[in-house]
Structure formats: C-alpha cells, structure tokens
Amino acid sequence: MSKFPNSSLAISAAGGTALLLGVAYGVSTNGYGEDRIATLQTSLDEARAAFTAQSAETGDLEAALGDLKAATVAQMAELRAAAAQQAESAERQIAALQAQLQSVPSGAAQPTAEPMTAESGQPLNLGRAALPEEIAAWDVDVLPDGRGLPGGSGDVLTGEEVFTEKCASCHGDFAEGRDNWPVLAGGFDTLADEDPVKTVGSYWPYLSTVWDYVHRSMPFGNAGTLSDDEVYAITAYILFSNDVVDEDFTLSQATFSNVTLGNVDGFVVDDRDEVEYAQWHAEPCMANCKATAATITRKSTDVGVTPADDGSMAESFMEQQLAALGGVEWGKERVAGSVHMGEGGVAEDEPVAQVANAEAPVAIKDADAPDPALMAAGEKAFRRCKSCHSVGEGARNKTGPHLNGVLGRTIGGLDGFRYSNAFQSAADAGQVWDNESLAAFLANPKAYLQGTKMSFAGLKSEADIEAVTEYLRSFGG
Amino acid sequence: MSNKTTTRRGILRGALAGSAAAIAGRAAANPDPLITETQDWAIYTGDPVDATPYGLPIRFEADVIRRNVPWLTADPISSINFTPIHALDGTITPQGCAFERHHSGAIELAKENYRLMINGLVDQPLVFTYEDLERFPRENHVYFCECAANTGMEWAGAQLNGVQFTHGMIHNMEYTGIPLRALLNEAGLGAAGDLADKWVYVEGADASSNGRSIPMEKALDDVLVAFKANGEALRKEHGYPVRLVVPGWEGNLWVKWLRRIEVTDMAVESREETSKYTDVLADGTARKWTWVMDAKSVITSPSPQQPITHGTGPLVITGLAWSGHGQITRVDVSKDGGMSWETARLGRQGDSKALTRFYLDTEWNGEPWLLQARAIDETGYVQPTKDQLRDVRGENSVYHNNGIQTWALAADGRAENVEVS
C-alpha cells in the first residue's frame, strides 16, 4: 500500500478499530490512554529518583535527565491529544447511537438487536488476506497529490499519435469532441456562460483525475488496455490541447506536481445547508400565496422533444424542431443553448436544456455586406472552428488565436498567442494570410504548415473554404 | 391523517348528500354483455402452472416499461432510462421496470466469479467471495435511489412531457444486505487512526470502473452492501450480484458490481466526483460533494401520460414524495399553480429515505387546474419552487433539480408539463 506509507500512528495502537464499533470499548480505549500516561509518569518519577541518586557522580546524567524529561513530556502530550480525540470520537459515537435509537419507531418492524458486528465489534474471521499482487492489480486509483502514479512517462508528440489512433474517433483530433461525445479541450472562461463548456482545461480541478480516468476507463469499449506510458502521453497531449503545457512537455511522476489545472480553485464543498436550507424551512403558505393568479409561462409541448410511446418519434420530433430553428442537425452540431447529457464512453449525465431557446445568430445586412447566403454558409461551417477560435466583438485567444482581422495578418503574428514552431517560422519569413494561403491551410492544415498544433483535419469542401474565408473577412482584414 | 378535506368520513358525507343524483346518473341504457353473455374466460381453461416459470406482467400492461430518451446521450451503452412511475402505485418499484444507468453497459458477473476487496488504511486487507458475504448478519431496508440528474433536463424550462421522463430516474426497493461497517470492522480500522477525516473509496467491476469517495462517517452509518432487492437477486442492470446502497444520497454513489472498498486519507477526486456530479452555479464556480438528495415530490396521476379519462366527479390525485434527509412528514397539493394548497393523505407513514405515496381524494368539475405537489420532510425542509432554485443556483446546473413540478390539466382531462408564474 504505497499510497499510505505512514499509516502507523500512535492512535492506532490504542484500538481505533474498536472505537467506532462500540461506545463502551471507545471509552475504555480512552482509559487505556490514561493508563499509558500514568505508566509514563511512573517511569519518569523512577528515572528522576535514579538520576537524583546518581547526580553527584556526573553532570552528564543531569543533561540526560533533561532530555528524557522533555521526550517523556512530549510523549505524554501526544497521548493526551490522542486520548482527547478518542474521547471526542466516542462522544460522537454515543450521540450517533442515541440518535439511531431515537429514530427507531417503537413497535416498527425494525431489527430489535443490532447485528453482532456492529454491537460487539468482534470480527467474524470471514474472507481471506488479500495478496500484494491482488492489491496491485486492482488498487490503481491515483490521488490528487499523485500518490498511486506508476513509473513511466509520455510526451506531447507521442501523445498526439496515440490520441489520434485511440481517442480521436470520439473526442476529435484535437480533443474537441465529436457528436455528443465529450469535449476535452477549450471552453475557457465559459463556466459562467449560458452554455458552459466543461473540459479538462476549463473545468477539471485535478490532473490526477485525467490520468486515473484514462488509465482505468478508456478507451470506451477497450478499457484498461493502455500502457502506463501511453496514459502519460495521452494525458500530456490533453494538457497541451488545453494550453496547460508546451509541446516539448513530458509527463511523469517527476513532472506531475508541476502541473496545476486552471479550475483547481473553482469548487466549493456543498454549502446547501448554509445557503439554501434556512430559506426553505419556513412554515409553508397555504392560502393566497401569490399576489396574482398563476399563469403558464412555459410549455413542454412548445419544445416537442418527448419520445412517443414506441420511442420512434424522438428523432423526427427533434428534426422538426431543429428545422424550425434554422436547420441545425442534431447530434452533428452542438446546438446553442443545449447541454448534452451523454457521451458514450464517459458516462455523462448532462441533460439537454431547452432547445427552444436555440436561435441561430442572424447576419446583419447592410449595403457593403458580402453575399448573405455565403456569409450564412460561412458562419455554419465556422461552427467546427468555434470551440478554439473566436471572432467578433470581445474575441480573444482560446485554444487557437482569435481570428479578427486574420486576412492580411502575418502568419503566426498575433502578439500574446503561443504559436507552434511551424507558425513562428512562417512569421519569421514574413508570410501573410491571404485568400490563397488560408485556402491551402484550411484544406489540409498539417500539410500546409507541418508541425502546427492545430490538428483539425481540414475542410473537405471548397465551398466551405470559400464561405469560411468570406465569413472571416467580415471580421476585418 | 386528520385533515378536514380528505378524511374518509368527509368523503362518505359528500357521497351521501349527492346519492339521489348519483343513482340517476348511474342508470345504464342497456345490459352489459360482459355480464349478460358468458365470456370465453368463463368457459375455457386458462394457462397451466409453469406456463411462465418466472412470470412477467400480463400483456395488457406491456406499455408499463422503462423508456429511453435517445437524444440525451451519444450511446445507449453509457446512458439512462426512466421508470414508468406514471403507471405504478404504492411505493415499491418492481426491479424489471426500475430505471437503469450504465457507464459502460450492464455486465454479466456470476456469483462464483465475484470478489470484493477491502484495502487501503485497514489492519488486514481482505478478499471476500459472494458466499462470505452471505455469512455476515443481514438487514432489510427500503430506500429510494435517485439519479442526481433526475429532472435535470428541466433546469432551463419545461421540456419533457411525461412524469416518466421528468422524474423517472428513481426507484425504491427493499434491500437485503450487510452494513458496510461490518466489512470495515472485519478488515480493522486501527490503521486508519482518527476516522473523522478518512474516506472510503468504492469502485465497480465493470469497464467504466465507476468509483466514488464516501466520507467515513456515512460509511459507518447506514451504507449497505446489498445483494437482494425486493426479495430476489439484484438484476444484472442493477449490479448483480452485489451493489452498494447509499441511503438518501445520489444514485451515482450506489456503485454496481461493487468490487473494491479502499480506506483513504483523502477523497480520490475521481472523474465522477469532479468533472461530473458537480453543480455549476451562475457565477461559474461549482459545488462539489453534493451527495444528499433534497426533499422532492411529484404528482404521478393525473399527469401527461396519465390523463383523466373518466370525466368529472371523484378523482384520485396521487404521487410520490421522498427526501434524502429522512422521513416525509407531509405533502401538500395545489390545483391553482401554488396560490392555495391542501394537505394530502399519506398512503402510510413513509420510511426514512424511501418513497412515500400520497393521495388527494377530490372532485374534479372539468375546470382547468395547475397541479402541483410540495413535500416537507422531518427536518422541516420544504420543497422549493423551480424559480427559487434558479434564483440561488442559476440555470447552468444539471443535477439536484428538486423544484416543484406543475401539470396543466385541461378541460378534456389531458395534462401537460408547464411552468407557471
């Protein structure tokens, strides 16, 4: 049990097991602690007497006595603290047991006697000792401080290869998530938005969780088959996709504690009892509870996403609804205002929020505006880029740089964004984004700029490329 | 119960007063052939014993089944379905229609292949077989199991038109099992020292390896290691042969196919207790360790899947109430969207952390109603409205939506999921 090397505490010697299993025993352990103190007190007195008798012989013994006294006092303090803790625990146990006793309704069909184990604390000697090999095989969880991590390592570039092979079919080449599968990267600063994107970079508090989950539960349908080095590499790549580490990063036990995820301080322990319960403990109103009569504000039939009795109508309901909202294909695109409940591999419970709120932004028409149909097509095609690139008012760098004014901009020339070496070389060479270079890049990013960390596979349709280019042009440049 | 509107005496008095009119209204024009003509089932014999060695509901009840909402999840292997609570009565959920939630599918794990390990900060790490577990003293308890995401699709407004879909991630069974504290005692907690800050990490045997951290205080309180439900073995989809039962707390902690219990000195912060099953508030911060399921209730009939088909007159309004804090002590029903309330009758005094059935025996004159139910538990917690929840938490939460549900009952007897001002 390498996770708990220092588990042998003084208190355990005083019978911590029995403590929780019986008040009487708990109290006696407290007494046991006092006996120990008394014994030590006696030893101290004896030692003092002995040393006093010998004190004339040597001054060194005086010093030794002082040391022994200090050590003994420290030991006594420790034992007293332990005893106090045990007394406190015992009191809690008494209170809990009393509460339990009170909660048993008289005459109800409750067991009249507590089961033997709970009452006596005597083990039944059932089961057998777990062997070290068995514990090693099953106890593989990793704690937030890194305990439980095995040896090995993996770097970002290896991780990209493994991820592409084993993870990208669900999570996308650059961890952006396909269909309803989880998005692993991006989503920064969206947690307070209407539609928060909860990724490793934007939401997960601990790196240990990523390693542990990938190691034990991934890939979906082939869980637990990754080598430790592969898990290190995939985790490193997910960190890179979230801008947490550079592309030359290698993850191992040694570098684990250097990494802190962005949302580590984003959680509070359940505080419903302080924040909510007081206001919902008032005596409930029985009559004239509202100033005006209640009226219907929202109807589920306006949304129309309830499965029919045979279950077959769900899809067509959705299609009808979404067609009415501008033809977004469900399951292929993330609908604005929706939260997906699931993903297959990675168990989720994120139910879809009201779809009726989803409205496609409408392009504003003015005299100088480009072809509205092309703009609309560009906007639609750009949805695949949006998880990493923002445009328009308030656009900022996310996983990818913001794209306001990208046409005419030096390739890799945006201050404050950490580009790959490929982009830095292009910037050094003075290359500029124009129709031609952008089209070539969008068609096959990795071929055009070898080493780009944008692992998006590219837009297959020339019409999409043209449309996206026009759409981007509308944001300056 | 002793409230004025729903006592048996009150109903009888009302019935007697209107008896003359009622008799006139009860007259039939023609004799009923189901009575006057001899029916086949009264002539010919029925099925022999053993026609169905393990019986299923009669075919006329074939629509009382779990249902899925396919668009919710990417893959039905990691998904959820819903208990048909609109069609059930009483409190016990039959296993065969109790909702399923899998993270990597329902696995087949035979008893003889079952092993349960206890390790970590224990005096002696142990391995138990299924047979070992059956030799510990057993207990029986009825508890509800509610997915934290139950009603989660309704955060942003009324969306699914059926109580099965809005509130069906719940079931209620009588479990047979052994207290977790008995197993912990068997392994010995001396090595754990002060138990106040210790945890128990529980983990399943399936490919998802779903694992959750439970504070030691709860582990030593009422958590059960269960192997029977409603008198028979757990179903495959509910974790056969052994699952954890964590009374009053969110269903994700009820680890199925339980294979390992580890005593730790901190929460593991597994995927299901960090990136999932945490509650994002309006300002972007999130609550974690929100284990308890707060008090909640819902009317199951009438409801969108259970319209009134019998016309005006006597009507039984019924539903379910539950609380992770303990017993349900009272349920109120409103017909006018929360303007006024009357106290319903409890089917029987509810068990702690178990479903309680309520009834309001009433008259319906065909007027449109805005039906609501409101649960109150033994701690005095009063179920809040959805808007009260949104005021505190915003609309970005997914889990723990226990707000008051409204059904709009129309003059034709149909009910619809709505929200009201």
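Predicted model: local features only at pLDDT ≥ 70, side-chain atom pairs only at ≥ 80, totals over all residues.

1. In chain A, the secondary structure amounts to 18 helices and 5 strands. Of the 477 residues in this chain, 43% are buried. Among contacts in chain A with a separation of 6 or more, 55% join residues 24 or more positions apart.

2. At the start of H18(A), the backbone nitrogen of Ala463(A) has a side-chain oxygen of Ser461(A) within 3.2 Å.

3. Which residues of H18(A) are buried? They are Ile465(A), Ala467(A), Val468(A), Thr469(A), Glu470(A), Tyr471(A) and Leu472(A). These buried residues pack against two helices of chain A, H14 (372–382) and H16 (435–443).

4. The pairing of H14(A) with H18(A) is worth a look of its own. Their axes are 7 Å apart, and the packing angle is about 100 degrees. Angles of 65 to 115 degrees count as roughly perpendicular, and the two helices are therefore roughly perpendicular to each other. On the H14(A) side, the contact includes Leu374(A), Met375(A) and Phe382(A); on the H18(A) side, Asp464(A), Glu466(A) and Tyr471(A) are among the residues that meet them. Sorted by class, this contact has 9 nonpolar, 1 polar and 4 charged residues.

5. Another helix pair in chain A is H7 (residues 156–166) with H10 (residues 228–241). The axes come within 7 Å and cross at roughly 100 degrees, which makes H7(A) roughly perpendicular to H10(A). The residues of this contact divide into 9 nonpolar, 2 polar and 3 charged. H7(A) contributes residues including Val156(A), Val162(A), Phe163(A) and Lys166(A), while H10(A) brings, among others, Glu230(A), Ile234(A), Tyr237(A) and Phe240(A).

6. Turning to chain B, where does Ile85(B) lie? Its place is the loop between strand S2 (79–82) and strand S3 (101–102) of that chain. With a relative accessible area of 3%, Ile85(B) falls under the 20% limit and is therefore buried. Setting aside neighbours within four places in sequence, Ile85(B) is in contact with Val163(B), Gln164(B), His167(B), Gly168(B), Ile170(B), Val298(B), Thr300(B) and Leu320(B). Phe99(B) is 14 residues from Ile85(B) in sequence, and the C-alpha to C-alpha distance between them is 9.9 Å.

7. My last point concerns Ser213(B), which sits in strand S9 (residues 211–215) of chain B. Is Ser213(B) buried or exposed? Ser213(B) is buried, with a relative accessible area of 1%. Its side chain makes a polar contact with the side chain of Glu273(B) at 2.6 Å. A polar atom of the Ser213(B) side chain also lies 2.9 Å from the backbone nitrogen of Val268(B). Not counting residues up to four places away in sequence, Ser213(B) touches residues including Trp199(B), Tyr201(B), Leu253(B) and Trp291(B). Both Val268(B) and Glu273(B) are also on that list of contacts.

Notes:
Residues numbered from 1 in each chain as written. Chains lettered and ligands numbered in written order. Heavy atoms only, no water. Axes fitted to C-alpha atoms, helices over the stretch in contact; angles between N-to-C directions. Helix = DSSP H or I, 4+ residues; strand = E, 2+ residues; numbered from the N terminus. Parallel < 35°, antiparallel > 145°, perpendicular 65-115°, else oblique. Contact = heavy atoms within 4.5 Å. Nonpolar A, V, L, I, M, F, W, Y, C, P; charged D, E, K, R; others polar. Buried < 20%, exposed > 50% of the residue type's maximum accessible area, 1.4 Å probe, protein only. Polar contact = N/O pair within 3.5 Å; in protein donor to acceptor, adjacent residues only side chain to side chain.
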